[in-house]
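Please report on the pocket and the helix packing of the structure below, giving the cut-offs behind each term.

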Amino acid sequence: MIVQFSIIDILLIVGIIQGSILIIVLYFNKKGNKRANRFLSIFIFCFILLTIGDVLTTTKLLYYYPHFLLVFDPLIFALAPLSYFYVKSLTNKNWSFNLISFIHFIPAILLYLIFSTVYLENFEIKQDLIIDSYTNYDNSTNYFLMTAVIQSLIYLLLNLKMI
């Protein structure tokens, strides 16, 4: 399999580097709302990991590093709750993250559990799965993304209500 970098892949890599710098600045910033800055930095971190997964897939580097197969994908279901906690920490100074707050991350956790069978496979089987994904289109990707969009819209409405 031939690795190919497009202009978009290079721009995404530049964005990954810039986002990484922003994470460090936000996370260790001692001014302003520290809790909100931390949620925003975790949000950006998850977004960067998703972008790395996209770059690995589009450049076909995933074939050479198959242990990253499906590792970042469940994080798409962590973005909306993180944005919710970011807005909540900005709008309510008395609010704090607690154990019950983890309920918002159940979809991402469930996906990690579902994908765990793939994570435990050996190198060659993962490469076969990757080749299959490059050659055969699967509608499950559409359902996965539609579910993520619906979740994002629900959290967007909750964020607007808080604001």
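Helix H2 gives seven residues to the lining of the largest pocket, which is the largest share. The model is predicted, so that local features need pLDDT of at least 70 and side-chain atom pairs count only at pLDDT 80 or more, while totals for chains, interfaces and linings use all residues. Residues are numbered from 1 along each chain as its sequence is written, and side-chain values use heavy atoms, with hydrogens and water left out.

The volume of this largest pocket is about 1100 Å³. A pocket here is an open set of points on a 1 Å grid over the protein atoms alone, where a 1.4 Å probe fits and protein lies on both sides within 12 Å along at least five of seven lines, and lining residues have an atom within 4 Å of a point; the volume is the space filled by probe spheres set on the points. Among the 32 lining residues, Thr57, Leu70, Asp73, Ser133 and Thr141 are the closest to the centre of the pocket. Two or more lining residues come from each of H2 (34-58), H3 (76-91), H4 (106-119), H5 (123-135) and H6 (140-162). The lining divides by class into 20 nonpolar, eight polar and four charged residues, where Ala, Val, Leu, Ile, Met, Phe, Trp, Tyr, Cys and Pro count as nonpolar, Asp, Glu, Lys and Arg as charged, and the others, Gly among them, as polar.

The chain as a whole has six helices and zero strands, with helices being DSSP runs (H or I) of at least four residues and strands runs (E) of at least two, numbered from the N terminus. Its C-alpha atoms fill a box of roughly 50 × 30 × 25 Å along the principal axes.

| Pair | Angle | Axis separation |
|---|---|---|
| H1 (7-27) and H2 | roughly 160° | within 9 Å |
| H2 and H3 | about 165° | 8 Å |
| H3 and H6 | about 5° | 8 Å |

The axes of H3 and H6 pack at about 5°, which makes H3 roughly parallel to H6, a term for angles under 35 degrees, whereas those over 145 count as roughly antiparallel. Their contact (heavy atoms within 4.5 Å) brings residues of H3, including Phe77, Tyr84 and Lys88, to residues of H6, including Phe144, Gln151 and Tyr155. By class, this H3 contact with H6 has 12 nonpolar, six polar and one charged residues.

H2 passes H3 in a left-handed crossing, meaning that the near helix is turned anticlockwise from the far one by less than a right angle. On the H2 side the residues that meet H3 include Arg35, Phe39, Phe43 and Phe47, and on the H3 side they include Leu79, Leu82, Phe85 and Tyr86. The H2 contact with H3 has 14 nonpolar, two polar and one charged residues.

The crossing of H1 with H2 is left-handed as well. Its contact involves, among others, Asp9, Ile16 and Tyr27 of H1 and Arg38, Phe45 and Val55 of H2, and the residues divide into 13 nonpolar, six polar and two charged.

Technical notes: Axes fitted to C-alpha atoms, helices over the stretch in contact; angles between N-to-C directions. Parallel < 35°, antiparallel > 145°, perpendicular 65-115°, else oblique.
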